[in-house]
Amino acid sequence: MELNVLILPGDGIGTEVTREAVRVLSRVSEKFGHPAHLTEGLLGGVAIHRTGTPLPEETVKLALAADATLMGAVGLPEFDNVAPEKRPEKGLLGIRKALGVYANLRPVKTYHALIDSSPLKNHLVEGTDMIIVRELTGGLYYGTPRGISGSGDEERGVNTMTYTRAEIARIARMAFHLARNRRKKVTSVDKSNVLETSQLWRKVVVEVAAGFPDVELDHLLVDNCAMQLVLNPRRFDVVVTENLFGDILSDEGAVLAGSIGMLPSASIGDRKPSGAWVGLYEPVHGSAPDLAGQNKANPFGAIGSVAAMLEYSFGLKEEAAAVNAAIEAVLNSGRVTADLKPAGPPATTEQVGRAVCEAI
Ligand code: IPM
Ligand code: MN
């Protein structure tokens, strides 16, 4: 199978972790005989510097033409005080929308080798294995009206949380399908005691659930969910929630995994005629400007995103499993970056990438 992949390294540590993810992708391509055709594009702060916009048209064209897109991270401190419209993050939101990747799958799993990396007690985190299904192209991130207007005491900021029945139903179906191949439990997270969008969310999720009688459904309010995640993480199998709640809860999930550098993600949309998913693959972490340029960042989230790409966009299950097994082998070897509290001197980003390649 040919692997036509667009690479968007982005900003900060995005470029460093993506380099290792590409190294791993190239290793898989060689070992399993899938020719890789990699193109590189601009997204985020680097795109603003070179072209004046965080999402150049050329990048959208390349992404639409590729079978899958692998992304690093976006964001630079120099844009901290700039309007949302002109920030690097706008490029990421734009490409998610352009590709129509409405489902962001964020697996949160505790590896035995990392049990001491989490600040939580071992007996709490041991055995955690969930997937957060975050709605990615709706809600507050995209709702209109939005903006800041007026002046003085009347200056006002507005954002709009909005969901249609169709948007809720498709993400709910995705969650139930995933649960069918796991422990058959979906937890839908909302704030239906306050928000109308959440009331509709809950109603539609219940309707979708009727088509999946083999999957158990429960509901949690988002504040309670935030607490249950650290009190009893093993209770979760598939968590489905709207965009902003999913953004927040998945960073909390990183504490269970030991480091935010561990978490991969797959953003997928509808299936192409070939049966493959349109996909954008990115680690959950950000561009971490304070770590950038030092070869210290944890590349496992980016490398795990390559595994997700092989599985969802190319249907290469064996290859994906080989990458995941190699990640686990390197974790067990203890040759890991500083965030994972290695026993000896910390490994560099590049050393971890090379070690994963060797283990494949
Ligand atoms: C994420 C990030 C992004 C988001 C930012 C960089 C726009 O935090 O992917 O979780 O909020 O979606
Ligand atoms: Mn986030």
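## Q228 and helix 8

In this predicted model, Q228 is found in helix 8 (residues 222-231), where helices (H or I, at least four residues) and strands (E, at least two) are DSSP runs numbered from the N terminus. Q228 is buried, with a relative accessible area of 18%; buried means under 20% relative accessible area, exposed over 50% and partly exposed in between, with a 1.4 Å probe and protein chains only. Leaving aside its neighbours within four places in sequence, Q228 is in contact with L220, P233, R235 and F236, contact being taken as heavy atoms within 4.5 Å.

Helix 8 itself lies across strand 5, strand 8 and strand 9, and runs at about 105° to strand 9; axes are lines fitted to C-alpha atoms, for helices over the stretch in contact, and angles run from 0 to 180 degrees between N-to-C directions. Helix 9 (residues 243-257) also packs on the sheet, where it touches strand 4 (103-109), strand 5, strand 8 and strand 10, and its direction makes about 155° with that of strand 5.

The open sheet is formed by 10 strands in the order 2-1-3-12-11-4-5-10-8-9, with mixed pairing; two strands pair if DSSP finds at least two bridges between them. Strand 2 (36-40) and strand 9 stand at the edges, each with a single partner strand, so one side of each is left without a neighbour in the sheet. Direction ignored, neighbouring strands of this sheet are turned by 25° against each other on average.

At the edge formed by strand 2, strand 1 (residues 3-10) pairs with strand 2 in the parallel sense over 5 bridges, and the bridge partner of V5 in strand 2 is L38.

Strand 8 (residues 185-190) is mostly covered, with 6 of its 6 residues buried. Strand 8 runs parallel to strand 9 (residues 216-221), to which 6 bridges join it, and V189 has L220 as its bridge partner in strand 9.

## Helices 11 and 12

Two packed helices are described by the angle between their axes and the distance between the axes. Helix 11 (residues 317-333) and helix 12 (residues 349-359) pack at an angle of about 120°, with their axes 8 Å apart. The two helices are therefore oblique to each other, on a scale where angles under 35 degrees count as roughly parallel, over 145 as roughly antiparallel, 65 to 115 as roughly perpendicular and the rest as oblique.

Helix 11 passes helix 12 in a right-handed crossing; a crossing is left-handed if the near helix is turned anticlockwise from the far one by less than a right angle, and right-handed if clockwise. A326, A329 and V330 in helix 11 meet A355, V356 and A359 in helix 12.

## Basis of the description

Residues are numbered from 1 along each chain as its sequence is written, while chains are lettered from A and ligands numbered from 1 in the order in which they are written. For this predicted model, local features need pLDDT of at least 70 and side-chain atom pairs count only at pLDDT 80 or more, whereas totals for chains, interfaces and linings use all residues, and side-chain values use heavy atoms, with hydrogens and water left out.
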